[in-house]
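Reader: Could you take me through one part of this model in some detail? I'd like to hear about the pockets, and what lines them.

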Amino acid sequence: MKITIVCGEQEFYSAGAERIAAAIRTNPEAKIGLSTGRTTKGVHAALVKLCEEREIDCSRITVFGIDEITNMPRSCPASCYDLLLNQVVRPLRISEDRFLMPDPEAEDPLKECQEFERRVMENGGPDFIFLGLGENGHLGFNQPGTPFGRTAWLSWMDDSLDERLRRENGIPADVKMGGLTLGIKNLMQCPHLVLAANGSNKADSAAGMIEGPVTEALPASVLQLHPDCEVILDADAAQNLSRGVTG
Ligand code: GLP
């Protein structure tokens, strides 16, 4: 695991964007997995700017979201589909047939998991995945306790994320949200991973992920076993590392 600590908000987002741009430069036909959330919103904005400035052609890459919230339409601004469409796919002029996402309203979510996984893993699978970190250490929607051997599945949402999404998006209490996600096994099979985490609310999970035991109780700790994984932290997220913040 390579650890990069970046001071400054824009520097943090730019560092993430540089990693995605590098994956595109290395393979202009790369299949790239992305995550949604507060962290990656800034990374995606920096990526769009960087690709414009350096005239990076993204027309031949394929992108997919590693997870999606079930039981809400794609048109809902909280859906991972809508977020990635507006933050990445449209601004980078990627055609929508190169944008893979599970259908959040599929009648049979388990079948949808399998079909999504099949499309993501075909032709050699992803070349690169950019991950965020859940406050409780989740990866995608793989919550604490998820077996490391899991492939794509329908997970539950943690209570704090469920509450925040409802509050920010006016999602009624009777809509039961779930997390359709690639499994830990799928993520670990990708040859190159980068995870970004910022803010003091991630400090405990980040320290556990990097310095704690590899345990299913903290899904992100599995990344210690990945042969090519970089973790980018800002100073707040790095504050609990025993090695300290070295810049
Ligand atoms: C959600 C997503 C994850 C993401 C995480 C971090 O749970 N399913 O893929 O990594 O949030 O989000 P944030 O950056 O908003 O903290």
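**A look at the pockets**

Author: Let's start with helix 2: at 6 residues, helix 2 gives the largest share of the lining of the second largest pocket. (Helices are DSSP runs of H or I, at least four residues, and strands are E runs of at least two, numbered from the N terminus; a pocket is an open set of points on a 1 Å grid over the protein atoms alone where a 1.4 Å probe fits, with protein on both sides within 12 Å along at least five of seven lines, and lining residues have an atom within 4 Å of a point.) This is a predicted model, with local features needing pLDDT of at least 70 and side-chain atom pairs 80 or more, while totals for chains, interfaces and linings use all residues. Numbering runs from 1 along each chain, and side-chain values use heavy atoms, without hydrogens or water.

That second pocket is lined by residues including Q10, Y13, G42, K49 and R54. Besides helix 2, helix 1 (9-26) gives two or more residues to that lining.

Now for the largest pocket: 35 residues line it, and T36, G37, R38, L161 and R164 lie nearest its centre. Helix 5 is the top contributor there, with 8 residues, while helix 2, strand 4 (67-69) and helix 3 (80-89) each supply at least two.

The ligand sits in this largest pocket (more than half of its atoms lie within 2 Å of the grid points). As for polar contacts (N or O pairs within 3.5 Å), the D67 side chain has an N or O atom 2.7 Å from a ligand nitrogen, and the H138 side chain has one 2.6 Å from a ligand oxygen. Helix 2 (38-53) and helix 5 (159-169) each give two or more residues to the shell around the ligand.

Methods: Polar contact = N/O pair within 3.5 Å; in protein donor to acceptor, adjacent residues only side chain to side chain.
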